[in-house]
Amino acid sequence: MKIAIGFDHAGFPLKGEVVRLLKELGHEAVDFGTNSTDPVDYPDFARAVAVSVAGRECERGIVVCGSGVGASVAANKVPGIRSALCHDTFSARQGVEDDDMNVLCLGARVIGPSLAAEVLRAFLGARFSHAERHVRRLNKVIAIETDARAGVFDRKGVS
């Protein structure tokens, strides 16, 4: 798979491990930075990765910041992205199998390299199940996104 990767300065310490593992597993990493621990803004990297995945340049994405929260919030603002912060293998696998998650977010200040590798393996090894109930739920999520694009939630009194 072609995997978009993005790290802010706080996520940078995990970058080498992520790139090494992707190569070991036979994936191609498309690197959106950063390349040091010099302070940068996580939304820039989350956006670049998310746009790459939403535009189908890459099949999935990985974004790493300090906690993983900011990167997940930012990535989810891009239409077509289903991003989640995962620090355990069950959530990483289940997020893909049940929810068709396409961007994984990690917090480098929360998760160590060994666990990060296990979570990445679970995320990359999982496939969407296409089970009827999961397709139905995913379609409801896509409908929310479609409504947001149409401005439905911009009108007063609409919930």
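View 1. The model is predicted, so local features need pLDDT of at least 70 and side-chain atom pairs count only at pLDDT 80 or more, while totals for chains, interfaces and linings use all residues. Residues are numbered from 1 along each chain as its sequence is written, and side-chain values use heavy atoms, with hydrogens and water left out. G68 belongs to the loop between β3 and α3 (69-75); helices (H or I, at least four residues) and strands (E, at least two) are DSSP runs, numbered from the N terminus. Skip the residues up to four places away in sequence, and G68 touches L85, C105, L106 and G107, where contact means heavy atoms within 4.5 Å. From G68 to A84 it is 16 residues in sequence and 8.8 Å in space, C-alpha to C-alpha.

View 2. β1 (residues 2-7) pairs with β2 in the parallel sense over four bridges. K2 stands opposite E28 in β2, and I5 stands opposite D31 in β2. Five of the six residues of β1 are buried, so the strand is mostly covered.

**View 3. β5 is largely enclosed by the rest of the structure.** Five of the five residues of β5 are buried. V103, C105 and G107 point one way from β5, and L104 and L106 point the other way. On the β3 side, β3 and β5 pair in the parallel sense over five bridges, with L104 as the bridge partner of I62. β4 and β5 also pair in the parallel sense, over three bridges, and A84 stands opposite L104.

**View 4. K15 is a buried lysine in helix α1.** K15 is found in α1 (residues 15-24) and has 6% relative accessibility, so it counts as buried. Leaving aside neighbours within four places in sequence, K15 is in contact with F7, D31, G33, T34 and N35.

**View 5. H27 sits in the loop between α1 and β2.** H27 is buried, with a relative accessible area of 14%. Not counting residues up to four places away in sequence, H27 touches M1, I3, L22 and L124. R136 is 109 residues from H27 along the chain, and their C-alpha atoms are separated by 30 Å.

**View 6. This is the largest pocket, with about 400 Å³ of space.** Pockets are found on a 1 Å grid over the protein atoms alone: a pocket is an open set of points with protein on both sides within 12 Å along at least five of seven lines, where a 1.4 Å probe fits, and lining residues have an atom within 4 Å of a point. Grid points are joined across faces, edges and corners, and a volume is the space filled by probe spheres set on the points. Of the 16 lining residues, R56, E59, R82, D100 and N102 are the closest to the centre. The lining divides into eight nonpolar, two polar and six charged residues; Ala, Val, Leu, Ile, Met, Phe, Trp, Tyr, Cys and Pro count as nonpolar, Asp, Glu, Lys and Arg as charged, and the others, Gly among them, as polar.

**View 7. The second largest pocket has about 180 Å³ of space.** Among its 13 lining residues, the closest to the centre are N76, P79, V141, I144 and E145. By class, seven of the lining residues are nonpolar, two polar and four charged.

Note on methods: Two strands pair if DSSP finds at least two bridges between them. Buried means under 20% relative accessible area, exposed over 50%, partly exposed in between (1.4 Å probe, protein chains only).
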